Amino acid sequence: MPSVTGRAFQVTAAGGEFELVQREFPEPGPGQVRIRVQACGVCHSDSITKYGVFPMAYPRVPGHEVAGVIDAVGADVPVLKSGQRVGLGWHGGHCNYCTPCRRGDFILCENAQISGISYDGGYADYVIAPANALALIPDDLSDVDAAPLMCAGVTTYNALRHSGAKAGDIVAIRGMGGLGHLGVQFAAKAGYHAVAVARGADKGPLAKELGAHHYIDSTTQDFAAELQKLGGAAVILSTLTDADSLTKAIGGLGPNGKLIVVGVPMKPFEVSALPLISGNREIRGWASGTGMDSEDTLNFSALTGVKPQIEVYPLDKAPEAFDRMMSGKARFRVVLTTGA
Ligand SMILES: [Zn+2]
Ligand SMILES: [Zn+2]
C-alpha cells in the first residue's frame, strides 16, 4: 500500500485563497481508510474552513460531502475492503471512549472530528478518514447524487425522522436551497403533509415537483399565518441563516409543534416565551448524523427516488464552485468531480 500522489485544493490560512497543490496521500493508519474521491459536494459550512470560523490548523483542504471508492485499508479495520463505494460527511469520526460514545451517542462525541476541518477533506483526489465515519453507498445511487446526501441530505433526513412527526402531520421546510430542496423531498416521501416555504413565486412549481403538497411564498404571504390556516405545523425544519425567520416561525407551529433548527444564523434570535408555554411548543437543534445515519439516508433516497438537483464542476474549478455556492444562486447543490 504505497502512498499516492494527487491534487488537492487547500486553503492556506483563515480567509486565504484556495491553492491547488500536488501532494502525497500516505497509506492509511490504524482505523483509517484512504478513499479515491469521485465527487464532493460544496456546502455552505465549507466557509468555516475558508474563513477560519472554527480554530483549525492550516493549510486545510475543505469538503465534507465525499463520495468515493476505498483505495487502501489501514490496520484494525475489520469490515471495509478496497473497492467498496463509501461516503464521508460532516461527522468525521468519533473516539468510542468518551461518555456520549459509551452511551452510543456517537454524534455527540466529545472528541468528534469534522471532515475538512479536523483533517483534510474532499476538495481533492484522495481523502484519508476514520473508518467509523463512513457510509456504504448503494449500487443504484451515483457518486454525484450521493455526495450532497452526505451532509445536506443526512442533516434534513435525520432531523425529520427524529422529529416525532407522524404520517399526515404538517411538516414545513423553511428554505429551498441545498438542504431545503432535499428536506421537501424527504418530508413528502416520508408521508408527511409537506409544505415548502421559500422566497419568490418562481420556486412554487419546483417545490410541487419535489413533492410539496403546498407552497408558501414568504415574500408575499405571512407564512406563519398560512401554516395556521392549514392547522399549524407539527414540525418546521429551518434550513435558513436568517435569524428573524426563526422568530417568525414560532407563530406557524400548531399545539405541541416543534421548530427544528439546522441552518445557522450569524446572530441570536428572539423568542417570546408565551407561545412556547401555552402550546407546549419546542425549539431544538439537530446535529446532522453519523456514518450509519448517512447510510440510512442514502438507502432511503435510493429506495424512494430522492435526488439532489446539482450543478457539476470539475475539481480544477473548485474556487469557482465555492463562489457559486456562496452566491446563493446555485440550483441547488454544487458538486465537484475528480474525473476519476
Ligand atoms: Zn455541510
Ligand atoms: Zn467519543
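In this predicted model, F322 is buried (under 20% relative accessible area, with exposed meaning over 50% and partly exposed in between, for a 1.4 Å probe and protein chains only), because its relative accessibility is 1%. Y51, at 43% relative accessibility, counts as partly exposed. Residues are numbered from 1 along each chain as its sequence is written. Local features need pLDDT of at least 70, side-chain atom pairs count only at pLDDT 80 or more, and side-chain values use heavy atoms, with hydrogens and water left out.

Y51 lies in helix α1 (residues 46-51) and F322 in helix α10 (residues 318-327), so the pair ties together parts that are 271 residues apart in sequence; helices here are DSSP runs (H or I, at least four residues) numbered from the N terminus. F9, F18, Y51, Y123 and F322 form one aromatic cluster.

Helix α3 (residues 143-161) and helix α4 (residues 180-189) have axes, fitted to C-alpha atoms over the stretch in contact, that come within 9 Å and cross at roughly 45°. That angle makes α3 oblique to α4, as angles under 35 degrees count as roughly parallel, over 145 as roughly antiparallel, 65 to 115 as roughly perpendicular and the rest as oblique.

Note on methods
Chains are lettered from A and ligands numbered from 1 in the order in which they are written. Axes are lines fitted to C-alpha atoms, for helices over the stretch in contact, and angles run from 0 to 180 degrees between N-to-C directions. Helices (H or I, at least four residues) and strands (E, at least two) are DSSP runs, numbered from the N terminus. Rings of Phe, Tyr and Trp (its six-membered ring) pair if their centres lie within 6.5 Å; planes under 30 degrees apart count as stacked, over 60 as edge-to-face and the rest as tilted.
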